[in-house]
Amino acid sequence: MLSRLLAVMMLLCIGLPNYTSAGEEEIVVYSARNEHLIQPIFEAYTKKTGVKVKYITGDAGALLERLKAEGTNTPADMFITVDAGNLWQAARAGVLQPVSSELLESNVPANLQDPENMWFGLSVRARTIVYNTTSNAAGKLTTYEDLANENWKKRLILRTSKKVYNQSLVASLIAEHGPEKAEQIVTGWVANLAADPFSNDTKALEAVAAGIGDVTVVNTYYFGRLMKEKPELPLAIFWPNQSTNGVHMNVSGAGVTSHAKHKEAAIKLLEWLSGEEAQGQFAGLNMEYPVNKTVSPDPVVAEWGTFTGNPMNVAKYGELQGEAIMLMDRAGYK
Ligand code: FE
């Protein structure tokens, strides 16, 4: 009797492959989002559900290569990365699988997720214009496109075209205007540069603060970080394209890996990350915007004002990334 009961119990245990030991579930995440931005959130999830979240963090490209190399043997259940261009590349590389979830569909706006459900945006970043408040830029700024106008000659500061953020921005110009007009715009930007492109958004902001140029295009959280450190800098945000197509929007996001060993658990975590409980912190820790419309941005972020974002599906940035890179090369955008 006892031995039969034991046999049944053993069978039950074998039937529960998602558990590392009795009742202890675990999810493995590869994250291109920095540790300090995810660790507190995973901790909260473990506290609430008992599910352990193991993670490694690294460069987006390196993690994708690792996922590809590991193939079916990967321990990763979820991949978190930044920029729709990178998410799109991951889907195209075959390391993600589609997730069908009503909760994700209602929490994540349609334009901020993959049309094939391979990945979902979890925070929104606005790539906007920042200007030097001691210059006369304030009254003159209108659109990204207008930064190609010769009025901005020797006044524009840009980050390098090698960064996916700018590849996505240019991809959005191609989607909006077609390749010819997009190339004219980018060529105009290059002609207006006040200095060679900078290696990151913070350096671009510092160059504008130092008066090397008057305007730049950056993700708002870099503005937030720098101003937190040096509130005296003469910098302010401008929301462009408000009477046309809106501010360029991008996401950080995640998908469930193709060879996830804890697929259902990973989907649950993904759903939770898009929900009310996690969204404020997920976005707030990096001074980004929540993807979930029912959640308000962090008060510091809210102070930057409200704006209309471009409703374009961010997956377009991936589709047009190759074309954007070639276009920037032709335009001499280094
Ligand atoms: Fe960034």
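**Figure 1. Antiparallel pairing of strands β4 and β10.** In this predicted model, strand β4 (residues 78–82) is joined to β10 by five bridges. T81 lies opposite G253 of β10. Two strands count as paired if DSSP finds at least two bridges between them. Strands (E, at least two residues) and helices (H or I, at least four) are DSSP runs numbered from the N terminus.

**Figure 2. Strands β5 and β6 beside β10.** Strand β5 (residues 96–97) runs antiparallel to β10, with two bridges; L96 faces T257 of β10. Strand β6 (residues 120–132) is also antiparallel to β10, over seven bridges, and R127 has H248 as its bridge partner there.

**Figure 3. Burial of strand β10.** Buried means under 20% relative accessible area, exposed over 50%, and partly exposed in between (1.4 Å probe, protein chains only).

Figure 4. Y165 in helix α6 (residues 164–177) and Y222 in helix α9 (residues 220–229) are 57 residues apart, so the pair links distant parts of the chain. Y165 is buried at 5% relative accessible area, and Y222 is buried at 12%.

**Notes.** Residues are numbered from 1 along each chain as its sequence is written, and side-chain values use heavy atoms, without hydrogens or water. Local features need pLDDT of at least 70 and side-chain atom pairs count only at pLDDT 80 or more, while totals for chains, interfaces and linings use all residues.
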